[in-house]
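Morning, everyone. Today I want to talk about aromatic rings. Here is the structure.

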Amino acid sequence: MQRVVTTATLVLVVVFAASACWSRSVDHGAPAASSGGGTPPPPQPEVAPATGLTGRIVYASVQGDLWVVDADGSNRRQLTESGAGVDSSPTWSPDGTRVAFRTTRGSPSGPDPSNIFVVNADGSGERQLTPARGAAAGGLFPAWSPDGNSIAYSNGAGINLVRPDGRGRRPLGVAGECSVWSPDGSELMFCSNGVNRGEGVDNWDVFVMDADGTNVRRLTRHVAQDYPGAWSPDGTQIAFFSRRDGDGDVYVMDADGANLRRVTNQPGAQAADAWLADGRLVIGSAQEGVEGPPQWFVLRPDGSGRASLPQLKTAMEPIAWLR
């Protein structure tokens, strides 16, 4: 080749009013891609559909079930049946045989009943990865490592690693959320807020650390909210969301935080969910006051080459794209 969840919190925040990192929940107020109601998006200027797309996409619907579709829009099928719950924040295993995801199922009632489940790509073998009760209970923002051996996720202990069979859980001792693995699996990008850092404000920034939790580096320092998006395929650049210039836009910087530049500059909020092998960014775009899924498109990191993704018109944020 990646928080009380109601349908309304599976969305960009301002519009995007959820929490950190898009699938982000109401606990921290970050990008929310849409609010999951029945109001259709307003007409937008016609943009030609993207071509040359490969791979598979897994996403959550407004109803809170997971769906899988080929990148060209073919072979769409439902993956999970959430029932009265909500399934969201999917992440592919690198071999494409399994999907880990966040769900409100499997927990006792409470303000944020979230757990991590794993399911085979054919919909079979669904199982709960995190315990429903106890010190290790619950989980947010699963992210499958590139070698397939670990899933990173967050809970009250901060960022954790666990094997895909649920064994070997290891807290990394880092207060953060919304982990995104570097392409080579050596690092984790994540978000952490000013309250956790003792700065006295709810100010989220982008950080990077080694995969074992050491060598933590802060990449952004701004009073606006910044959240991780995606690594470039070669691991040298990072796309992230920031409100520093308005409702929210996509920015790109070098992996060490240098050479920051703005990618999007449009009404509403824009956030990057994936960075494709051909160099294009996958963007979700939500307009303030509009309910339902965001609009999806691709563009180059310099802001050119915008093309639409009509095959994702029913997809809530975040999606996971398996290249």
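Are Phe101 and Phe117 buried or exposed? Both are buried. Keep in mind that this is a predicted model.

Some background on the chain. There are 24 strands and zero helices. The chain has 323 residues, and 56% of them are buried. Its accessible surface is about 12,100 Å², with 50% of that belonging to carbon and sulfur atoms.

Now the rings. The structure has five aromatic pairs. Take Phe101 and Phe117. Their ring centres are 5.9 Å apart, and the planes meet at 55 degrees, so this pair is tilted. Stacked would need planes under 30 degrees apart, edge-to-face over 60. Phe101 sits in strand β5, residues 98–103, and Phe117 in strand β6, residues 115–120, so the pair ties together parts 16 residues apart in sequence.

Next, Phe190 and Phe207. Here the centres are 5.5 Å apart and the planes are at 20 degrees, so the pair is stacked. Phe190 belongs to strand β13, residues 187–193, and Phe207 to strand β14, residues 204–210. The two are 17 residues apart, and the pair links distant parts of the chain. What about burial? Phe190 has 1% relative accessibility, so it counts as buried. Phe207 is buried as well, with a relative accessible area of 7%.

There is also a cluster: ring pairs link Trp204, Tyr227 and Phe241.

Last topic, charges over rings. The charged end of Arg102 sits over the ring of Phe141, 5.9 Å from the centre. For Arg306, the charged end is over the ring of Phe297, at 3.7 Å from the centre.

How values were computed. Residues are numbered from 1 along each chain as its sequence is written. This is a predicted model: local features need pLDDT of at least 70, side-chain atom pairs count only at pLDDT 80 or more; totals for chains, interfaces and linings use all residues. Side-chain values use heavy atoms; hydrogens and water are left out. Helices (H or I, at least four residues) and strands (E, at least two) are DSSP runs, numbered from the N terminus. Buried means under 20% relative accessible area, exposed over 50%, partly exposed in between (1.4 Å probe, protein chains only). Accessible areas come from the Shrake-Rupley method with a 1.4 Å probe; for residues, only the protein chains shown count as cover. Rings of Phe, Tyr and Trp (its six-membered ring) pair if their centres lie within 6.5 Å; planes under 30 degrees apart count as stacked, over 60 as edge-to-face and the rest as tilted. A charge sits over a ring if NZ of Lys or CZ of Arg is within 6 Å of the ring centre and within 35 degrees of the ring normal.
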